[in-house]
Every structure is written in structure tokens, then in C-alpha cells.
Amino acid sequence: MKILGIETSCDETAASVVEDGRVLVSNVVHSQIDIHAVYGGVVPEVAARSHIDMINPVIDKALSEAQLTWDDIDAIAVTYAPGLVGSLLIGTLAARTLAIIKNKPLYPIHHVEAHVYANFLNDNAPEFPMLALIVSGGHSQLVLFRDHGDYELLGQTCDDAVGEAFDKVAKILGLPYPGGPSISSAALNGDPNKYKLPKAKVQGAYDFSFSGLKTATLRAVQHETGVDHTFPSFELASLLNDQQRNDFAASFQKTAVETLVDKTEKAFITYNPKSVVIAGGVAANQELRRVLSERLPIQIDYAPMNLCTDNAAMVATLGFYYAQNKQPTDPYDLEVLPSLSMTKSKWSNA
Ligand code: KG4
Ligand code: ZN
């Protein structure tokens, strides 16, 4: 079964063909990073306009790279939630139109759940029960999957997502957007023990908090550069030298990674899963992978970096399991749900 996946929830226009939820046939991602970098973050209106320009060429390219025609495609899977409303609308409108004119079944996909499915494109599919640490620009959560479509949210961030904290701290340090990759490369030349930053204490056993870490980093930078807390954060970067910048990047990354690994280890001990996966843009972080593998007594097969950040292959992969277990949606009725979170799910075969 060949599924065409379409993803436009934020700032990547992506289309991909995946066969039987396992074989990556084509994977096209048009990133808007260059367009948004000048603003230091994603501008929703600009993102939606770029999706309009790119959606048809990206879908055409996914089919031509796969050397397939529409006759070969069995179903379409599209991200309908969560994300930026203007961005989601472009992908879903394209998918709905194609489902109607090409007469294909259509499956709406939850973006955060799809991130987890990048791990099913590995040579060995993860076994259930599977503990998933989902860490992206919009989400930080621990989810226990008992089977496909049968999951429970164990914990999540009470405030900022960890990717958002990477992006905000990068801005304070004067490192380029997106902050995750630029912090992790600056950290390679920094001392992770130079600045002691606090790990937040939160009530829920598997919940996270990152907004305090971001503020603590800001205060430590102000202290180091000899200014008080009223000094504007956007002018701080010019007071830092390269070594201080690298040391702050390494110290922040160390604390953020330990926070994630502490809770994942705790959930691992309680639920004793057969596999552990990480998903979302921050899953590309090498330090997170290193520390997690060091602390958990289980082998973790990490997804390739390019399938951790936003892509449509993960959408097509999850689409395969939907197609096995669920009825397709009516393309005339599909609405976007920009703030739908992943809490609990149990598929029925109806
Ligand atoms: O999953 P994603 O591509 O988009 C969302 O669904 O949010 O995640 C983007 C986030 C950004 O915050 C980015 O800074 C972060 O993932 N990120 C990283 C790395 N690569 C991307 N964070 C830490 N280390 C990385 N290597
Ligand atoms: Zn994402």
C-alpha cells in the first residue's frame, strides 16, 4: 500500500510516499528557515503564503522522485492538527482537493503522533509497549503507546516546550535561528559545568517545565556581563565573548537534556516498556541521544536526523496504520484543529 503524506503544519512544506508504513519511497521537504531567519522566528502569515507557492511543486516532486503516477497511490494522509491555522489550511485544502479529483481515501493525521512514527521507518520497528519522549518546538511530552492508536499521555510541559526554550536562549546568546542546532554546535566548544542552572521542580511525576530554565539563563547572562535584570535581553548578546557564549550554550543544553532524561528514566522504571523512542525536532540533538542511551538500560534505535524535524514521511507512515484500522474521512468535511493535543486514544475497528 503506497500512501502520499502531506505536511504543512508550521514552516516546512513537505510531501512523501511511504510503502506499507515501512519503506521510504520519496521524501521532499521545502524548508522556510531562510525566509523566517531574518525575523528570528516563524511569521505565521509569511509561512502560509510560502506554503501556497510550494505545495503543488512539492507534491509533484514527491511523485516524480518516487517514479509513480496517481494511479499507484492508494491513499492520502495529511496533517490536520495541531499547528498554525494558516499553514494547516494549505496542506489540508490541497489534500482534500486531490482526494476528491483523484478519488483517493483521505486520512487526517495528528502531527505530534506522526513525529513518533518516524521511528517505524527504522530497520527494526519499535515494540509495544513503547515509551515515546516527544520533544519539538511546540511540544514536550511523555506518551505510553500500548499499541498503534492506543496511547496515554503520561506527562507534558507546564509552560514552554523544550525546543522553544532552545530557540529563546539562542536569541539571548545571539545565536542564529533555529536555536536547537545552533546551541548544540556552540555547545561543542563550551564547558557544560561552567554555569549552574536549576532544574525545575514540578508537581506531576512526568511533567516538565522549561520557562524557569530560560529565565535562569537570562539572569546568569546578565550577572556574567555585569548588568542588572532591567537590561534589555536583545542587547545582551553583544556583551558576550565567544567562550562565554559557548559555555552558556553547553550549560543550558546540559540542564535541558538532564531534565528530559530524568523524567524519561522515571517513566521507564515505572512502566517497563519494551522500547523507547524519541521524536520531534529536539530528538535530533546528539547530547540528548548520548545521555539517554547512557542512562537507560535498553538499546535505542534513533531515527535519522532528517526524519526528526518536520517531514511528510512520518505522516505517510502513520497514515498506513490509520488505513488499516480506521475509516477514511469525508474530504468535503475535514476541518483543521490548530490546538488539538494528544491525550488518550484507543482505536476501535469500526
Ligand atoms: O519538530 P520540529 O521540526 O517542529 C515542530 O513541530 O515544532 O521541531 C523544531 C524544534 C525547534 O525548536 C528547533 O530549535 C529544535 O526543534 N531542534 C533542535 C535541534 N534541531 C532542531 N533542538 C535541539 N538540538 C537540535 N539538534
Ligand atoms: Zn513537528
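**Burial.** I looked up how much of the protein is buried. Of its 350 residues, 54% count as buried. I note that this is a predicted model. Buried here means under 20% relative accessible area.

**Surface.** Next I checked the accessible surface. The protein has about 15100 Å² of it. Carbon and sulfur atoms own 50% of that area.

**Fold.** I counted secondary structure and found ten helices and ten strands. Then I looked up the radius of gyration, which is 20 Å. The globule rule gives 20 Å for 350 residues, so the protein is as compact as a globular protein of that length. I also boxed the C-alpha atoms along the principal axes and got roughly 65 × 45 × 30 Å.

**Contacts.** I took the contacts with a separation of 6 or more. Residues 24 or more positions apart account for 72% of them.

**Ligand 1, the shell.** Which residues are closest to ligand 1? I listed 20 residues around the ligand, and the closest are Gly137, Asp167, Gly180, Gly281 and Asn285. I sorted the shell by class: 13 residues are polar, five nonpolar and two charged. Helices H4 (111-117), H5 (162-173) and H6 (179-187) each supply at least two shell residues. H6 gives the most, with four.

**Ligand 1, polar atoms.** I then looked at distances to oxygen atoms of ligand 1. A backbone N or O atom of Gly137 lies 2.8 Å from one. For His115, a side-chain N or O atom is 3.0 Å from a ligand oxygen. A polar backbone atom of Gly138 is 3.4 Å from a ligand oxygen. Last, I checked cover. Ligand 1 alone exposes 550 Å², and the protein buries 87% of that.

Terms used
Residues numbered from 1 in each chain as written. Chains lettered and ligands numbered in written order. Predicted model: local features only at pLDDT ≥ 70, side-chain atom pairs only at ≥ 80, totals over all residues. Heavy atoms only, no water. Near = heavy atom within 4 Å. Polar contact = N/O pair within 3.5 Å; in protein donor to acceptor, adjacent residues only side chain to side chain. Areas by Shrake-Rupley, 256 points an atom, 1.4 Å probe, with all protein chains shown as cover. Nonpolar A, V, L, I, M, F, W, Y, C, P; charged D, E, K, R; others polar. Rg over C-alpha atoms; globule rule 2.2 N^0.38 Å. Buried < 20%, exposed > 50% of the residue type's maximum accessible area, 1.4 Å probe, protein only. Contact = heavy atoms within 4.5 Å.
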